[in-house]
Amino acid sequence: LENCDRHVLMLFTSTNLTYDNIHVNEPGMKLHLGLYNHPGAGLAGNYVVGTLNEADILIKEPGVFYPGRMYGSSTALGSFLEGVRDDLSVEYAVLVDGELTITENADGTYTVVGEFLSGNDGPISCNWTGEIVQHL
């Protein structure tokens, strides 16, 4: 990872989150993205899906997002959309292709625009503007 910084970006449709702040705690959605960018560059930039090598490991380079994958029926890793239904059951759509642009606005907010292809549910679009809070 010497050539890039890794960021995990989570965008939620609600501020009502689970105790660990990583899942929506009511019907809604979370977009979960594993991003790689130039060292010190922050989040702003253009991203495309990353490439996996012959050992099925991501080739980490600036400007890529980690493709999503399912492990079993209830664990999604990499980049994915997590949906919480009305009965609070959860479904996942893993992001296997697409493009993402993150722009830092003059007021300190960010605009995130993405067009993705899911491995199981077809196209997914994102157009979000707001504050991104860093959690360490």
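Biologist: Leaving aside neighbours within four places in sequence, which residues is Ser118 in contact with?
Modeller: Ser118 is in contact with Ala93, Val94, Val96 and Ile124, where contact means heavy atoms within 4.5 Å. This is a predicted model, where local features need pLDDT of at least 70, side-chain atom pairs count only at pLDDT 80 or more, and totals for chains, interfaces and linings use all residues. Residues are numbered from 1 along each chain as its sequence is written, and side-chain values use heavy atoms, with hydrogens and water left out.

Biologist: Is Ser118 buried or exposed?
Modeller: Ser118 is buried, because its relative accessible area is 6%; buried means under 20%, exposed over 50%, and partly exposed in between, using a 1.4 Å probe and protein chains only.

Biologist: What lies 3.4 Å from a polar atom of the Ser118 side chain?
Modeller: The backbone oxygen of Val94.

Biologist: Now Glu99. Buried or exposed?
Modeller: Glu99 is exposed, with a relative accessible area of 55%.

Biologist: And which residues does Glu99 touch, not counting those up to four places away in sequence?
Modeller: Tyr47, Val48, Phe65, Val113, Gly114, Glu115 and Phe116. Phe116 is 17 residues from Glu99 in sequence, yet their C-alpha atoms are 6.3 Å apart in space.

Biologist: New topic. Which strand gives the largest share of the lining of the second largest pocket?
Modeller: E10, with five residues. Strands (E, at least two residues) are DSSP runs numbered from the N terminus, and E10 covers 122-130. Among the lining residues are Ile124, Cys126 and Trp128.

Conventions
1 Å grid on protein atoms, 1.4 Å probe; cavity = no way out; pocket = protein on both sides within 12 Å on 5 of 7 lines; lining within 4 Å. Helix = DSSP H or I, 4+ residues; strand = E, 2+ residues; numbered from the N terminus. Polar contact = N/O pair within 3.5 Å; in protein donor to acceptor, adjacent residues only side chain to side chain.
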